[in-house]
Amino acid sequence: MQEACALALVKWPAEGVPGNPRAWLVGVARHKALDRARREARRAGKEAAAASDPTAGPRAAAGSRAAAGPRAAAGPRAAAGPRAAAADPSPAAADELGLILMCCHPALDPAARIALTLRSVCGLDTRSIATAFLLPEATVAQRIVRAKRKIRQAGIRMWVPDGEELTDRLAAVFRVVYLVYSQGHMAAAGPELVRAELCDQAIGLARALAGLVPGEPEAAGLLALLLLTDARRAARTGEDGELVLLADQDRARWDRAKIAEGERLLETALRAGRPGPYQLHAAIAACHSCAASADETDWREIAALYGELIKYEPSPVVEANRAVAVAMSEGPAAGLVILDALGGNARLTSWPQFHIARAELLTRVGRRKDAAQAYQAALKLPMPAPERAHIERRLAALA
């Protein structure tokens, strides 16, 4: 980044400031980081070749795996194998995946390495990362600073891992890609509900990841999850950008090609017999995409899948989502019991969706005053403008 800023001081006065200075700086810095990583990756091979055969020079080492660099390591050719991983990723996504693999270093605390990667590689701002973690922005900022300090003080070197090192980093990489998509699917704040560029970025990364580890069912499950969820993107907002709830969406606008691809990927992953959280998330998404109408959604199956998911992700967010599924299958009172039991969790109460879910169920059981209070609690938290407008309409209807 320092080199990119130095180059900007030379080029911008002569050529003019680009339309998006931040994107220019990030792009130049990324390319310089990749160039440096590739040079370092080739160094060992070149030195070994020179030591064994002084006449061979760099050409003898050119075919070594160490000379491949991030793009080759993260690209589809590095993991040919089954084609169930779908279309080849773009070179840009493969490059970015290489950087994510570098940044998710096991020497860093898991939460810190994910936050640092989201900020430094994926370009998410600190507020969006804090929203993803359900933490105060200052806490996330401190994590990122501490991670950078540890890298600097401990002299941690970054490289694209393979073998067991790659396997050890997969869980963090899966989470990074998932959170990038989550922040695109539902923006933390701002005028739009969906940040399409983040959704596309995450799907590209998931494709690159599925190509890198074709035998890993969780990689296929993650890509299936993103495709099945993203298939509904066009139907999630109306002509004026207003929020359209899942039950009210025009299913003719759902992307059937993405749904078909996601279902194929999920089926392939499940046949491996190694279940995991992203396969379960994808199975939940498939329950929605396979239903011909909202009334035909198998909410009992969704509630059961959330019950399994809790074994892998014992978080209050998963429990809150299970509560909604229980409410849809067994009645709003049953769901409210679960949500009210979670109400003491400070992190969960900083999540607008928790209050919105309570408000909807309270409305259904006739507790309109309590529902209004729950909606007002949600409005105190950051959220995209279309969701805020939707809640305000709900409050007006209650009044």
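**Figure 1. Contacts of Ile-284 in a predicted model.** Leaving aside neighbours within four places in sequence, Ile-284 touches Ile-302, Leu-305, Tyr-306 and Leu-309. The structure shown here and in the other figures is a predicted model. Ile-284 belongs to helix 13, which covers residues 277-290. With a relative accessible area of 5%, Ile-284 is buried, because buried means under 20% relative accessible area. Ala-304 is 20 residues from Ile-284 along the chain, and the C-alpha atoms of the two are separated by 9.5 Å.

**Figure 2. Helix 6 and the helices around its buried residues.** Helix 6 consists of residues 110-120, and its buried residues are Ala-112, Arg-113, Ile-114, Ala-115, Leu-116, Thr-117 and Leu-118. What do the buried residues of helix 6 pack against? They pack against helix 5 (91-103), helix 7 (126-133), helix 8 (137-154) and helix 9 (163-185). Asp-109 caps the N-terminal end of helix 6. In this cap, a side-chain oxygen of Asp-109 lies 3.2 Å from the backbone nitrogen of Ala-111.

Figure 3. Thr-117 is part of helix 6. Is Thr-117 buried or exposed? Its relative accessible area is 0%, so Thr-117 is buried. When neighbours within four places in sequence are left aside, the residues in contact with Thr-117 are Ile-100, Cys-103, Cys-104, Cys-122 and Val-176.

**Figure 4. Asp-162 in a loop.** Asp-162 sits in the loop between helix 8 and helix 9. Its relative accessibility is 35%, so Asp-162 counts as partly exposed. Asp-162 and Leu-101 are 61 residues apart in sequence. In space, their C-alpha atoms are 9.6 Å apart.

Figure 5. Side chains of opposite charge can pair when their charged atoms come close. Glu-15 and Lys-11 form a salt bridge in which the closest N and O atoms are 3.2 Å apart. Both residues are in helix 1 (residues 2-15), and because they are 4 residues apart, about one helical turn separates them. Glu-15 is exposed, with a relative accessible area of 59%. Lys-11 is partly exposed, with a relative accessible area of 28%.

**Figure 6. The pair Arg-195 and Glu-197.** The side chains of Arg-195 and Glu-197 form a salt bridge, with an N to O distance of 3.5 Å. Arg-195 has a relative accessible area of 24% and is partly exposed. Glu-197 also counts as partly exposed, at 48% relative accessibility.

**Figure 7. A salt bridge between two loops.** Glu-216 and Arg-274 meet through their side chains in a salt bridge of 3.8 Å, N to O. Which parts of the chain does this pair tie together? Glu-216 lies in the loop between helix 10 (196-212) and helix 11 (217-230), and Arg-274 in the loop between helix 12 (256-271) and helix 13, so the pair links parts that are 58 residues apart in sequence. Arg-274 is partly exposed, with a relative accessible area of 42%.

**Figure 8. A network of salt bridges.** Which residues are linked in a network of salt bridges? The network links Asp-200, Asp-230, Arg-233 and Lys-258. In the whole structure, a search finds 14 salt bridges.

Notes:
Residues are numbered from 1 along each chain as its sequence is written. This is a predicted model: local features need pLDDT of at least 70, side-chain atom pairs count only at pLDDT 80 or more; totals for chains, interfaces and linings use all residues. Side-chain values use heavy atoms; hydrogens and water are left out. Buried means under 20% relative accessible area, exposed over 50%, partly exposed in between (1.4 Å probe, protein chains only). Contact means heavy atoms within 4.5 Å. A polar contact is a pair of N or O atoms within 3.5 Å; within protein, one must be able to donate a hydrogen and the other to accept it, and residues adjacent in sequence count only if both atoms are side-chain atoms. A salt bridge is a side-chain nitrogen of Lys or Arg within 4 Å of a carboxyl oxygen of Asp or Glu.
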